[in-house]
Amino acid sequence: MVSFEIARGDITHFPAEAIVNAANRYLEHGGGVAYAIAKAAAGNAREYIRISKEAMREQLGKSSIEHGEVVVTPAMRLEEYGIRYVIHTVGPYCGGVWDDDKKEKLRKAILGALRKADELGIKTIAFPAISAGIYGCPLEEVVRTFKETVEEFSKEAKGVEKVYLVLYSGRDYRTAVETLGLH
Ligand code: AR6
């Protein structure tokens with residue numbers, strides 16, 4: 001059984017073996033959590049973008065990713081928090097609009113990262129609220145999709161035991177807790 005927990009904090013310091021990046025298709029890491037991870041990992045975002053693009057070419061043989069495809073990069077400076085890998089995945093762009101297509105794209109993005117975590121043989125993985133920032137998807141729907149997708153993954157999981165959804169702001173954390181009826 002895989003457990004799913006809501007946490008509050010900065011994912012760049014979150015003690016999970018893998019953290020997930022809410023990336024764009026080109027792994028440009030220009031803003032939001034992507035920029036924060038890139039800067040914290042390599043000391044300079046430009047360098048981590050270079051490393052990410054090179055990893056994408058090596059792992060997938062191309063220079064952009066689709067929903068469900070993921071790229072893994074080393075945690076570099078984040079190893080000091082126990083983080084070993086960064087898994088890059090791309091969620092849907094919503095611009096405030098939510099529908100079944102967005103949900104399916106987000107499900108694929110989450111599932112791709114979870115399956116990669118299993119492949120890497122790790123037990124704990126932390127996600128940011130993919131697509132709920134610059135990509136403008138409603139946080140409540142993102143949180144519900146996370147819960148459902150982790151439940152789905154639970155049936156096939158081999159080694160992953162704990163999945164965290166890490167919310168950056170207190171407001172987002174409270175919204176997530178309320179959405180799942182956790183108190
Ligand atoms: N720790 C945890 N969560 C964070 C952190 C952090 N340090 N910083 C921000 N968040 P976003 P998206 C939250 O915009 O919507 C980038 O430019 C934030 O509050 O980072 O998937 C990429 O390169 C929000 O709830 O990702 C793409 O171009 C959540 O992380 C694009 O943004 C996701 O917000 C992706 O947009």
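This section describes the sheet, the helices packed on it, the ligand site and the disulfide of a predicted model.

The strands form an open sheet of 6 members, arranged in the order β1-β6-β5-β2-β4-β3 and with mixed pairing. The two edge positions are taken by β1 (3–8) and β3 (71–74); each has a single partner strand, so one side of each is left without a neighbour in the sheet. From one strand to the next, the twist averages 25 degrees. In general, strands of a sheet pair through backbone hydrogen bonds, in either a parallel or an antiparallel manner. The parallel case is represented here by β2 (residues 18–23) and β4 (residues 85–90), which are joined by 6 bridges. Within this pair of strands, Val20 is placed opposite Ile87 of β4.

Two helices that pack on the sheet can be described by the strands they touch. Helix α3 (residues 100–120) touches β2, β3, β4, β5 (124–127) and β6 (162–167), and its direction makes an angle of about 155 degrees with that of β4. Helix α5 (residues 170–179) also packs on the sheet, where it touches β1 and β6; the angle between the directions of α5 and β1 is about 150 degrees.

The ligand is surrounded by 20 residues, of which Asp10, Val33, Ser131, Gly133 and Ile134 are the closest. For Asp10, an N or O atom of the side chain lies 2.9 Å from a nitrogen atom of the ligand.

The whole structure contains 1 disulfide. This bond is formed by Cys94 and Cys137, whose sulfur atoms are 1.9 Å apart. The torsion about the S-S bond of Cys94 and Cys137 is about 85 degrees, and the disulfide is therefore right-handed. Cys94 belongs to the loop between β4 and α3, whereas Cys137 belongs to the loop between β5 and α4 (139–154); the pair therefore ties together parts that are 43 residues apart in sequence.

Key. Residues numbered from 1 in each chain as written. Predicted model: local features only at pLDDT ≥ 70, side-chain atom pairs only at ≥ 80, totals over all residues. Heavy atoms only, no water. Pairing = 2+ DSSP bridges. Helix = DSSP H or I, 4+ residues; strand = E, 2+ residues; numbered from the N terminus. Axes fitted to C-alpha atoms, helices over the stretch in contact; angles between N-to-C directions. Contact = heavy atoms within 4.5 Å. Near = heavy atom within 4 Å. Polar contact = N/O pair within 3.5 Å; in protein donor to acceptor, adjacent residues only side chain to side chain. Disulfide = S-S within 2.5 Å.
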